[in-house]
Amino acid sequence: QVQLVESGGGLVQPGGSLRLSCAASGYIFSNYAMGWYRQAPGKQRERVAHITTGGSTNYADSVKGRFTISRDNAKNTVYLQMNSLKPEDTAVYYCNRIHTLINWGQGTQVTVSS
């Protein structure tokens with residue numbers, strides 16, 4: 001069964017950090033580029049970062065220099081290190097493949113607020 005399970009979200013003050021994790025199962029994880037997406041209330045889901053099978057990364061302008069995506073193929077897991085968080089980063093964060101989407105997980109809520 002193909003599955004994505006996100007974790008690591010929470011409430012953090014502006015300027016703080018969080019590390020999100022996404023555990024994938026049911027397919028050959030190392031064969032696929034992976035992305036982190038987010039959806040804020042009233043907005044469309046957007047991709048904020050992705051990492052290729054070879055480890056190349058790309059970021060949305062809004063998070064460039066603050067977020068870092070990485071992957072551990074041995075653990076079938078992709079991570080998102082988020083630093084210098086801003087209130088506008090508040091959203092539900094999801095992971096998924098970037099070329100052939102599979103069923104979305106439940107996501108993990110990130111709230112940046114003082």
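**View 1. Strand S4 and its burial.** Strand S4 (residues 34–39) is mostly covered, with five of its six residues buried; buried means under 20% relative accessible area, with exposed over 50% and partly exposed in between (1.4 Å probe, protein chains only). Helices (H or I, at least four residues) and strands (E, at least two) are DSSP runs, numbered from the N terminus. The model is predicted: local features need pLDDT of at least 70, side-chain atom pairs count only at pLDDT 80 or more, and totals for chains, interfaces and linings use all residues. Residues are numbered from 1 along each chain as its sequence is written, and side-chain values use heavy atoms, with hydrogens and water left out.

View 2. S4 and S5 run antiparallel and are joined by five bridges; two strands pair if DSSP finds at least two bridges between them. Across this pairing, tryptophan 36 stands opposite alanine 49 in S5. The two strands form a hairpin with six residues between them. In the turn, glycine 42 has a positive phi of about 75°.

**View 3. The pairing of S4 with S9.** Strand S9 (residues 91–97) is antiparallel to S4, and six bridges join the two. Tyrosine 37 has tyrosine 94 in S9 as its bridge partner. In a regular strand, side chains alternate between the two faces of the sheet.

**View 4. The six-stranded sheet.** S4 belongs to an open sheet of six strands in the order S2-S10-S9-S4-S5-S6, with mixed pairing. Strand S2 (10–12) and strand S6 (57–59) stand at the edges with a single partner strand each, so one side of each is left without a neighbour in the sheet. Neighbouring strands of this sheet are turned by 25° against each other on average, direction ignored; the axes are lines fitted to C-alpha atoms, for helices over the stretch in contact, and angles run from 0 to 180 degrees between N-to-C directions.

View 5. S6 runs antiparallel to strand S5 (residues 46–51), and three bridges join them. Histidine 50 has asparagine 58 in S6 as its bridge partner.

**View 6. The four-stranded sheet.** Four strands form an open sheet in the order S1-S3-S8-S7, and the pairing is antiparallel. At its edges are strand S1 (3–7) and strand S7 (67–72), each of which pairs on one side only. From one strand to the next, the twist averages 15°. Five bridges link S1 to strand S3 (residues 18–25) in the antiparallel sense. Valine 5 stands opposite alanine 23 in S3.
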